[in-house]
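Here are a few notes to read alongside the model.

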Amino acid sequence: MGVLRAGLCPGLTQDMVQLLRSRGIKTVVDLVSADLEEVAQKCGLSYKALVALRRVLLAQFSAFPFNGADLYEELKTSTAILSTGIGSLDKLLDAGLYTGEVTEIVGGPGSGKTQVCLCVSAHVAHGLQQNVLYIDSNGGFTASRILQLLQARTPDEEEQAGALQRIQVVRAFDIFQMLDMIQDLRGTVAQQVSSSSGTLKVVIVDSVTAVVSPLLGGQQREGLALMMQLARELKTLARDLGVAVVVTNHMTRDRDTGKLKPALGRSWSFVPSTRFLLDVTKGTGASDSQRMVCLMKSPRLPTGFQEMVDLGTWGTSEQSPQLQGDHT
Amino acid sequence: MCSDFQRAESGTELLARLEGRSSLKDIEPYLFADEDSPVHGAILEFHGPEGTGKTEMLYHLTARCILPKSEGGLEVEVLFIDTDYHFDMLRLVTVLEHRLSQSSEEVIKHCLGRLSLVYCSSSTQLLLTLYSLETMFCSRPSLCLLILDSLSAFYWIDRVNGGESVNLQESVLKKCSQLLEKLVNEYRLVLFATTQSIMQRTANSAEGPSCASNRPSDAELDYRPYLCKAWQQAVKHRIFFFKHDDSNTSNQFSLVSRHLKSNNLRKHFFIIRESGVEFC
């Protein structure tokens, strides 16, 4: 979208392009915002032809309005809520991860963000029988841990193998690789009619900080622009493909107050629809594997509510008696 | 195109048609009760960091407009332009369900029929879309509310695409602002646009909103103007949103509304429930 050239739309010939360019009208925006009577006089083109051309260009390049009722009908059928496999987390998220939205997990080092991602992958692949794409950017994904989570759910090896096949892992260590990956994903999904082993329902990016924070800092605008481009790609991915996108983010200290806050700054803070914080619980009586989950941002629930989750029992039914005695 | 359409009916007929458009006072009487004359053709900016209730306020205003008159609404149409895939239809439906005395699928769909949604993926597309929407404003007299969420979504991308010249970087947004001003004035619309607080505060600024007696300075309102001058000049009312951090689970919010010409400042408090924004 931009420069006028022959064949850009029906009715735009090379001659017209030359004539317009000689009068300073080079882009679509120039033509649409110009006074067409004046242009017709100066360029010697017919007013009617210009009006028709403007109409065609607008129809081709502007966004089309949707009716609210139609959109609601469509969303009712296409939105799904995916349980994370962790009961208390589901409660905090109003039943689970919503497709069409970006959810952010934020926490300090060792707080369990990757563990939550692995648990969600295992649950969606095995419990919900849907596909998962795991984009790993800091090397935290281990297949053996996924296998452990699956083994705790079912002793049947075929089921475990089936679930493992539904989880696709790709590695992207810089932002350009990640953007390419997302483009490729859209291409492959567009070509597939339906896969026999389920449809893609969750895309996990662990972590987004690893690829974006090297670009930020200083006075560079390019880093922020790339970050916003990635944000846009993730949101359109969630909306167009009907998947739930989960991203993990680290914490940094605020430079004025010294308090901990999610990394990547204010511009990124607007991107996810939902954000929850994983915090290591301190104090007596709390075992090493327990974490406090706090809802920090939600489009439908009041924030600030907290739940306790236990890393040791993840991947299993939390009431499972034999495992509670076992974990260290 | 549109000018031909206008010539087909007389000027008075056109004015009579457009006069019927709701004014700011009708749309939210609590917030704009102190407006002396009904304001047609107003541009209001919602500004604030994330999580402060700007989008919820937009749902509240949308619900007020699209609900039928029998349920306390205005029964007018709304056009919602979404630039960052932020609009949550299911949340709007929840708000409507709680505000209707008898909510059924039929009634909800009828209300939603008055809402039009447009998704824009770049500032150039936003500009072209505004041009093509001109016919919609012309031909639908019941369309009186235009919502743009958010205007600052393309800020960083535009700055990089414009190269080194600040003028070039801002040129598309400048054209958008000028076009919005023209559309709002010509068609007597009310425009609510949100802008995000994406800039760091200045080095020596107070923590939060001061009490209503002292006039909060720009620094305290956490406002650093970063969008183009054309936009700053087009805005009539700027409304700043804050969230109160008193307790962990508080859902208390406040907003400070500043009328830019008269420099009038007003503070309002609200909470957010299942049924949406409720003023305290």
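**Notes on a predicted two-chain model**

1. Let's begin with domains. Chain A is assigned domain 1 (16-61) and domain 2 (72-310), with bounds that come from an automatic or database domain assignment. The centres of domain 1 of chain A and domain 2 of chain A, taken over C-alpha atoms, are separated by 47 Å.

2. A word on conventions. This is a predicted model, where local features need pLDDT of at least 70, side-chain atom pairs count only at pLDDT 80 or more, and totals for chains, interfaces and linings use all residues. Residues are numbered from 1 along each chain as its sequence is written, chains are lettered from A and ligands numbered from 1 in the order in which they are written, and side-chain values use heavy atoms, with hydrogens and water left out.

3. Chain B overall. Chain B contains 10 helices and nine strands; helices (H or I, at least four residues) and strands (E, at least two) are DSSP runs, numbered from the N terminus. Of the 280 residues in chain B, 55% are buried, where buried means under 20% relative accessible area, exposed over 50%, and partly exposed in between (1.4 Å probe, protein chains only). Among contacts in chain B with a separation of 6 or more, 69% join residues 24 or more positions apart; a contact means heavy atoms within 4.5 Å.

4. Strand β8 of chain A. All six of the six residues in β8(A) (residues 244-249) are buried. Ala244(A), Val246(A) and Thr248(A) point one way, while Val245(A), Val247(A) and Asn249(A) point the other way. β8(A) pairs in the parallel sense with β4 (residues 102-107) of chain A over five bridges and with β7 (residues 200-206) of chain A over four bridges; strands count as paired if DSSP finds at least two bridges between them. Val245(A) is the bridge partner of Val102(A), and Val246(A) stands opposite Ile204(A).

5. Two hairpins in chain B. Strands β7(B) (residues 252-259) and β8(B) (residues 264-273) pair in the antiparallel sense over eight bridges, with Ser257(B) and Arg266(B) as bridge partners. Four residues lie between β7(B) and β8(B) in this hairpin, and Asn263(B) in the turn has a positive phi of about 60°. β8(B) also pairs in the antiparallel sense with β9(B) (residues 276-279), over four bridges, and Ile271(B) stands opposite Glu278(B) there. The hairpin of β8(B) and β9(B) has two residues between its strands.

6. Helix α6 of chain B. Which residues of α6(B) (residues 105-112) are buried? They are Ile108(B), Cys111(B) and Leu112(B). These residues lie on the same side of α6(B) because they cover an arc of only 95° around the axis, the arc being that of the directions from the helix axis to the C-beta atoms. Exposed Glu106(B) and His110(B) are on the face turned away from the buried side. Both chains contribute to the cover over the buried residues, including α5 (68-78) of chain A and β3 (115-119) of chain B.

7. Nonpolar cores. In the largest nonpolar core, of 102 residues, Leu230(A) and Trp231(B) touch the most other members; such a core is a set of buried Ala, Val, Leu, Ile, Met, Phe, Trp, Tyr and Cys residues joined through side-chain atoms within 4.5 Å. Helix α12 (residues 221-241) of chain A gives this core its largest share, 10 residues. Another core, of 48 residues, lies apart from it and includes Leu71(A) and Phe253(B).
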